[in-house]
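This report goes through a few parts of one structure in turn. The sequence and the structure come first.

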Amino acid sequence: MNRAVQAAMVEKGYTADTLAAQIGVDPKTAAKWASRDRIPQTRHRARVAELLGRNVDELWPDALKRRTPAWFRPWAEIEREALSLRWFELTWIPGLLQTKAYALATLDGEALTPAEADDLAEARLSRQAILRRERPPLLVAVLDEAILRRTLDGDRAMMREQCERLAEQAALPNVSLFVVPTDVGMYPGLGGPFTVAEMPDGARVAHVDSQAQAQLIDRVADVATFDRRWERIRDATLSRAQSLNLIREAAASWT
């Protein structure tokens with residue numbers, strides 16, 4: 001049996017019948033969700049987790065692992081264990097801060113069925129649970145302003161929602177957002193995005209993505225190179241308050 005689902009149902013006072021009524025499915029279907037390896041369909045999963053007061057990855061961790069691309073799983077594990085994450089992005093909103101619509105937009109043009117794209121987007125959003133757990137990591141993210149100005153097929157509503165979400169996330173005590181304004185010109189971040197994770201044992205691991213593959217880098221000298229680049233990039237950013245104002249201005253510009 002899925003003990004996590006069982007415990008959550010008991011805690012919240014749900015039976016298979018009452019949970020089914022809330023979701024709009026047959027009680028037999030809801031009963032199966034308390035069985036091991038029986039997972040709600042994508043369209044029901046988030047609602048069930050909400051009703052049970054849990055994160056999706058707490059109830060069905062194996063499902064999320066299966067949906068996460070194999071090449072990304074090692075970093076996903078590091079991300080879950082990290083004490084802090086320093087993330088510089090040049091092209092996309094960081095995955096830990098994306099909305100569902102934005103996540104789907106980043107997958108546009110890939111050789112995916114709608115269901116496959118939805119699963120990948122859900123898996124990406126499930127990672128965001130680490131930011132709201134009891135002991136969340138510190139996330140310091142630096143974004144190039146161009147990210148806030150780029151949309152897909154003129155979808156202004158999608159970008160407005162995403163910028164508003166960024167402003168909300170910036171209010172979390174463990175999240176700091178900074179923006180490099182476009183008038184800075186050339187700066188070290190133009191060499192590409194990267195993330196550096198600090199682990200509980202003091203080790204540090206860098207993650208670098210590319211069109212072909214992702215790399216995990218843990219050699220001390222190489223991680224130190226990213227440290228130096230990070231400091232130079234941070235020198236180019238607006239202050240935290242100024243960055244938040246720019247994010248809010250960007251959201252208003254997409255109205």
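## Two packed helices

Arg156, Arg160, Cys163, Glu164, Leu166 and Ala167 of helix H11 are in contact with Leu244, Ile247, Arg248, Ala250, Ala251 and Ser253 of helix H13. Sorted by class, this contact of H11 with H13 has 7 nonpolar, 1 polar and 4 charged residues. The model is a predicted one.

The crossing of H11 and H13 is left-handed.

## The sheet

An open sheet is formed by 6 strands, in the order E3-E2-E1-E4-E5-E6, with mixed pairing. E3 and E6 (214–217) are the edge strands, each pairing on one side only. From one strand to the next, the twist averages 15 degrees.

Helix H7 (residues 73–81) packs on this sheet, where H7 touches E1, E4 (194–198), E5 and E6. The direction of H7 makes about 135 degrees with that of E5.

Is strand E2 mostly buried or exposed? Of the 7 residues of E2 (residues 138–144), 6 are buried, so E2 is largely enclosed by the rest of the structure.

E2 runs parallel to strand E1 (residues 84–89), and 6 bridges join the two. Within this pairing, leucine 85 stands opposite leucine 139 of E2. E2 is also joined to strand E3 (residues 175–180) by 6 bridges, and these two strands run parallel as well. Here valine 140 has serine 176 in E3 as its bridge partner.

## The antiparallel pair E5 and E6

How do E5 and E6 run, parallel or antiparallel? Strand E5 (residues 204–209) and E6 are antiparallel and are joined by 4 bridges. Strands of a sheet, whether parallel or antiparallel, pair through backbone hydrogen bonds.

## A glycine in a loop

Glycine 24 sits in the loop between helix H2 (16–23) and helix H3 (27–32). With a relative accessible area of 63%, glycine 24 is exposed, because the cut-off for exposed is over 50%.

Between glycine 24 and tryptophan 71 there are 47 residues of separation in sequence. In space, the C-alpha atoms of glycine 24 and tryptophan 71 are 36 Å apart.

Conventions
Residues numbered from 1 in each chain as written. Predicted model: local features only at pLDDT ≥ 70, side-chain atom pairs only at ≥ 80, totals over all residues. Heavy atoms only, no water. Buried < 20%, exposed > 50% of the residue type's maximum accessible area, 1.4 Å probe, protein only. Pairing = 2+ DSSP bridges. Left-handed = near helix turned anticlockwise from the far one by under 90°. Contact = heavy atoms within 4.5 Å. Nonpolar A, V, L, I, M, F, W, Y, C, P; charged D, E, K, R; others polar. Axes fitted to C-alpha atoms, helices over the stretch in contact; angles between N-to-C directions.
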